[in-house]
Amino acid sequence: MGYKVVVAGATGNVGREMLNILAERQFPVDEIAALASRRSLGTECSFGDKTLTTQDLDTFDFTGWDIALFAIGSEATEKYAPKAAKAGCVVIDNSSLYRYDPDVPLVVPEVNPEAVDGYAKKNIIANPNCSTAQMVVALKPLHDRARIKRVVVSTYQSVSGSGKDAMDELWDQTKGMYVPGQEKEPDVYPKQIAFNVIPHIDKFMEDGSTKEEWKMVAETKKIVDPKIKVTATCVRVPVFVGHSEAINIEFEDFLDEDEARDILREAPGILVVDKREDGGYVTPVECVGDYATFISRIRQDSTIENGINLWCVSDNLRKGAALNAVQIAETLGNRVLQKG
């Protein structure tokens, strides 16, 4: 006996990936429903070899359904998640709405699977920010060995993190650079994204950081260890899919780069590609469609007593969003619901 699963926001980038990954990983589904807003009602979505027709999220009855994967943004989630949870359906939410709620577990299954057990307080589990998810997969096994004091991270985040309109903007601006009359002014972003980088993701806060940077700090503390100090600079780059991060880690204890490499090779969810030669590292283009978080450029930081630098790349639509949500569903099933 399998699960009755709902995917809300099934027509968006992340929702479609959720359906793809549920099928790819052969999640034990007895019945599946694809939900969308009324303007997308009737749109067809693929689920393995099946074609699903979207149903109206506004009128859908969640009674009798086991798990709902939400990819609909914070505003809609605030309206519909409590409705689903009250009906007895466990919500796994990809928005930022519940991530910082102390009664809602924030889960990356390779890092803190036991946190899933706290879902029952609100019948909701939060999926972390895309840039946080891949980073903590790399941090946790190193933290277990040498205790992390401080993390300095600079991100290089793809436009798919802003949705389909942002991907279209990058495409149209790039084309417009070469085709007279097809120039495209910035709309999604405050400045041109084609052939450019923008050191600004989400809203600015009073201390000068952005909300995206704050998310990485707060979420790392909640998922891994509240004692870890994190400082982040988040940058949007003209890449369609795949987030990259340059991470500098300071430990309490000395950790040799070779041991760090060995630890990461054995860690769940990670693939180490680290050759000190031309092309001996992974770039975002190469990670698209893959489940893994790729680690390259592992090396000692000689400017501090116990430091390591590394390069971290992952498909943000997968590990940064849809894959992690499905892995949470798998963890919930294995630890708690135990069907299938």
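Tutor: A salt bridge here is a side-chain nitrogen of Lys or Arg within 4 Å of a carboxyl oxygen of Asp or Glu. Keep in mind that this is a predicted model, where local features need pLDDT of at least 70, side-chain atom pairs count only at pLDDT 80 or more, and totals for chains, interfaces and linings use all residues. Residues are numbered from 1 along each chain as its sequence is written, and side-chain values use heavy atoms, with hydrogens and water left out.

Student: OK, how many salt bridges does the structure hold?
Tutor: There are 23 salt bridges. One of them pairs the side chains of Glu219 and Arg99, at 3.3 Å from N to O.

Student: Where in the chain do those two sit?
Tutor: Glu219 is in helix 5, and Arg99 is in the loop between strand 7 (90-93) and strand 8 (124-126), so the pair links distant parts of the chain, 120 residues apart. Helices (H or I, at least four residues) and strands (E, at least two) are DSSP runs, numbered from the N terminus.

Student: And are Glu219 and Arg99 buried or exposed?
Tutor: Glu219 and Arg99 are both buried. Buried means under 20% relative accessible area, exposed means over 50%, and partly exposed is in between (1.4 Å probe, protein chains only).

Student: What about Arg147, which side chain does it meet?
Tutor: Arg147 meets Asp225 in a salt bridge, 3.1 Å from N to O. That pair also links distant parts of the chain, 78 residues apart: Arg147 is in the loop between helix 3 (130-146) and strand 9 (148-157), and Asp225 is in the loop between helix 5 and strand 10 (229-236).

Student: Why does Asp225 count as buried?
Tutor: Because its relative accessibility is 10%. Arg147 has a relative accessible area of 34%, so Arg147 is partly exposed.

Student: How far apart are Asp168 and Lys164 in helix 4?
Tutor: They are 4 residues apart, about one turn of the helix. Their side chains meet in a salt bridge at 2.9 Å, N to O. Asp168 counts as partly exposed at 31% relative accessibility, while Lys164 counts as exposed at 53%.

Student: Which residues are joined into one network by shared partners?
Tutor: Arg38, Asp56, Asp58 and Lys79, through salt bridges that share partners.

Student: Switching to helix packing. At what angle do helix 3 and helix 5 pack?
Tutor: About 40 degrees, with their axes 9 Å apart. Axes are lines fitted to C-alpha atoms, for helices over the stretch in contact, and angles run from 0 to 180 degrees between N-to-C directions. Helix 3 and helix 5 are therefore oblique to each other; angles under 35 degrees count as roughly parallel, over 145 as roughly antiparallel, 65 to 115 as roughly perpendicular and the rest as oblique.

Student: And helix 1 with helix 8, where do their axes end up?
Tutor: The axes of helix 1 (residues 13-24) and helix 8 (residues 318-337) come within 9 Å and cross at roughly 50 degrees. Helix 1 and helix 8 are therefore oblique to each other.

Student: Last topic: where is Ile295?
Tutor: Ile295 lies in strand 13 (residues 293-300). Ile295 is buried, with a relative accessible area of 0%. From Ile295 to Gly320 it's 25 residues in sequence and 15 Å in space, C-alpha to C-alpha.
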